Amino acid sequence: MRNFEELKELKEQGRTLIERKRDEFVRNSLLSDEFLEMLQKNKKPMDLMMSYYQCAVMEVETKFKVLNQEYSLQYDKNPIEGIKTRIKSYDSLLKKIRRKDIPLTLTAIEENIQDIAGVRVICSFPDDIYELAESFLKQDDITLIEKKDYIKNPKPSGYRSLHLIVKVPIFLQNTKKLVTVEVQLRTIAMDFWASLEHKMRYKKNIAPEQVKFLQEELSDCAIQSAALDERMQNIRNVIIQNSEDNGETTPEETGFPLMVALRDGRRR
């Protein structure tokens, strides 16, 4: 028994050493002489390019804040719970350059990597996501490049979100420039699941026999998360229907099938 435990500990130490060496190799490979030389030659243009992405993020963030304010004033609701923004780090950017075998030129980077600038919009309910996306894409200065609906078609892992790749104009001193931004729209439940799944995905020292178990657990949590979103959406729909009715009547009399379904579901 003791020999087995010692052997298991040695295997864990060996795995940790291999992972550390692999990370060092990847980091050293990314920060190669070729890349460092490219940065030195293009430091100012690279900084300028990244500043364009930062400006584009601010433009998109402002658009969603304006939409949220309009919904608040016109419909007495705030569909947006929060907005997160990010610009890809050099480390993440370079990993993608290597993975996609993109030439080390600024033009190639701009043309081939569409998620350098990212805006994540956290919504209250699933219906809010599609309503906001429609309002956003109707704006005449927004050009839709690609749309991926992982809500209606979740990833095998259980990941759900609506992804929009858009081009947005930024106005400079003497010109206008179109910049690509990735917009992700999620509910609170979707964001909660995705954030924790992302953190756990990169946890090390997980025994191989536990990996499958954790994947199944995460998948099951995603299903429960989707069910929770649906139930909360139904509750909201019932409240909206009730607010449109002036009389104190039963769900059956007013024809509120959602309320009946929710009530009967609790009884069962």
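Strand 5 is mostly covered, with nine of its 12 residues buried. The model in which this strand is described is a predicted one, and its secondary structure amounts to 10 helices and five strands. Of the 268 residues of the protein, 34% count as buried, and the accessible surface comes to about 17400 Å², 53% of which belongs to carbon and sulfur atoms. Among the contacts with a separation of 6 or more, 65% are accounted for by residues 24 or more positions apart.

The five strands form an open sheet of mixed pairing, in the order 1-2-5-4-3. Strand 1 (80-87) and strand 3 (143-149) stand at the edges and have a single partner strand each, so one side of each is left without a neighbour in the sheet. Averaged over the sheet and with direction ignored, neighbouring strands are turned by 25 degrees against each other. Strand 1 is paired with strand 2 (residues 117-123) in the antiparallel sense over seven bridges, and in this pairing Ile87 stands opposite Ala117 of strand 2. Strand 2 and strand 5, by contrast, run parallel and are joined by six bridges, with Glu182 in strand 5 as the bridge partner of Gly118. On strand 4, the pairing with strand 5 is antiparallel and extends over 10 bridges; the two strands form a hairpin with four residues between them, and Leu164 stands opposite Val183 in strand 5.

Helix 3 (residues 43-75) packs on this sheet, where it touches strand 1, strand 2, strand 4 (162-171) and strand 5 (176-187), and its direction makes about 175 degrees with that of strand 1. Tyr52 is a residue of helix 3 and has a relative accessible area of 17%, which places it under the 20% limit, so that Tyr52 counts as buried. When neighbours within four places in sequence are left aside, the contacts of Tyr52 are with Ile170, Leu172, Lys177 and Val179. The C-alpha atoms of Tyr52 and Ala117 are separated by 9.3 Å, although these residues are 65 residues apart along the chain.

In soluble globular proteins, nonpolar side chains tend to be buried together. The largest nonpolar core of the model has 42 residues, of which Phe64, Val121, Phe136, Val181, Val183 and Leu185 touch the most other members. At least two residues of this core are supplied by each of helix 3, helix 4 (90-99), helix 5 (106-112), strand 2, helix 6, strand 4 and strand 5, and the largest share, 11 residues, comes from helix 3. Phe136 touches Val60, Lys63, Phe64, Leu67, Ile142, Leu164, Val166 and Val183, residues up to four places away in sequence not being counted. Apart from this core lies another, of six residues, which include Tyr150, Tyr159, Ala194 and Ala222.

Helix 7 (residues 188-201) has 14 residues and reaches 20 Å from its first C-alpha to its last, close to the 20 Å expected at 1.5 Å a residue.

Note on methods: Residues numbered from 1 in each chain as written. Predicted model: local features only at pLDDT ≥ 70, side-chain atom pairs only at ≥ 80, totals over all residues. Heavy atoms only, no water. Pairing = 2+ DSSP bridges. Axes fitted to C-alpha atoms, helices over the stretch in contact; angles between N-to-C directions. Contact = heavy atoms within 4.5 Å. Expected span 1.5 Å × (residues − 1). Buried < 20%, exposed > 50% of the residue type's maximum accessible area, 1.4 Å probe, protein only. Areas by Shrake-Rupley, 256 points an atom, 1.4 Å probe, with all protein chains shown as cover. Core = buried A, V, L, I, M, F, W, Y, C linked by side-chain atoms within 4.5 Å.
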